[in-house]
Amino acid sequence: MLQPLHCLLLASAVLLCNTAPQDKHGGSDSKCPLMVKILDAVKGTPAGSVALKVSQRTADGGWTQIANGVTDATGEIHDLITEQQFPAGVYRVEFDTKAYWKSEGSTPFHEVADVVFEAHAEGHRHYTLALLLSPFSYTTTAVVSDVHQ
């Protein structure tokens, strides 16, 4: 029973990634190397007002926060980070899911949803992180695109 549900959630997240408005974020948008899209799986709508932090792993294994933001009414954040702030390395995006669900009148299980990934391991890329939220689970996927396509 859970496997079909996970497949449905993942498919929804991929679909969400493919609906990026082209006027804000195109494949060659050099100002937007990292974009975030969040969908509320309970309501089936974008999750606006979700706070997040972006951190980069340091040489000693710690983390340095390099950006933060809040999703807009479309559940997205554009211009979160610049190309210069986003060199090759390991990054963590921490979504404040607890505050979002509290504002929706729910008591969530998770405090935060963390996505940790290595950027630019195979050359310069742009990343769209999609997060599908419910009070007791989250699913994430990434669309990685070559900026030269």
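The chain has a mean pLDDT of 83, and 77% of its residues reach 70 or more; pLDDT is the predictor's confidence in each residue, running from 0 to 100. This is a predicted model, where local features need pLDDT of at least 70 and side-chain atom pairs count only at pLDDT 80 or more, while totals for chains, interfaces and linings use all residues. Residues are numbered from 1 along each chain as its sequence is written, and side-chain values use heavy atoms, with hydrogens and water left out.

**Where to be careful**

- Over residues 5-11, pLDDT stays under 50, and the model has six contacts for them beyond four places in sequence (a contact means heavy atoms within 4.5 Å).
- Residues 13-30 also have pLDDT below 50, and this stretch has 31 contacts in the model beyond near neighbours in sequence.

**The whole chain**

- You'll find two helices and nine strands here; helices (H or I, at least four residues) and strands (E, at least two) are DSSP runs, numbered from the N terminus.
- Walk along the sequence and the pattern goes α-β-β-β-β-β-β-α-β-β-β.
- Of the 149 residues in the chain, 42% are buried, where buried means under 20% relative accessible area, exposed over 50%, and partly exposed in between (1.4 Å probe, protein chains only).
- Take the contacts between residues at least 6 apart in sequence: 60% of them join residues at least 24 apart.

**Strand E1, inside and out**

- Strand E1 covers residues 34-40, and seven of its seven residues are buried, so E1 is largely enclosed by the rest of the structure.
- Leu34, Val36, Ile38 and Asp40 point one way from E1, while Met35, Lys37 and Leu39 point the other way, and all are buried.

**Who E1 pairs with**

- Two strands pair if DSSP finds at least two bridges between them.
- With strand E8 (residues 125-134), E1 pairs in the parallel sense over seven bridges, and Met35 has Thr128 as its bridge partner in E8.
- With strand E5 (residues 76-77), the pairing is antiparallel over two bridges; there, Lys37 has Glu76 as its bridge partner.
- Strand E2 (residues 45-46) also pairs with E1 in the antiparallel sense over two bridges, and Pro46 in E2 stands opposite Leu39.
- The hairpin of E1 and E2 has four residues between the strands, and Gly44 takes a positive phi near 70° in this hairpin.
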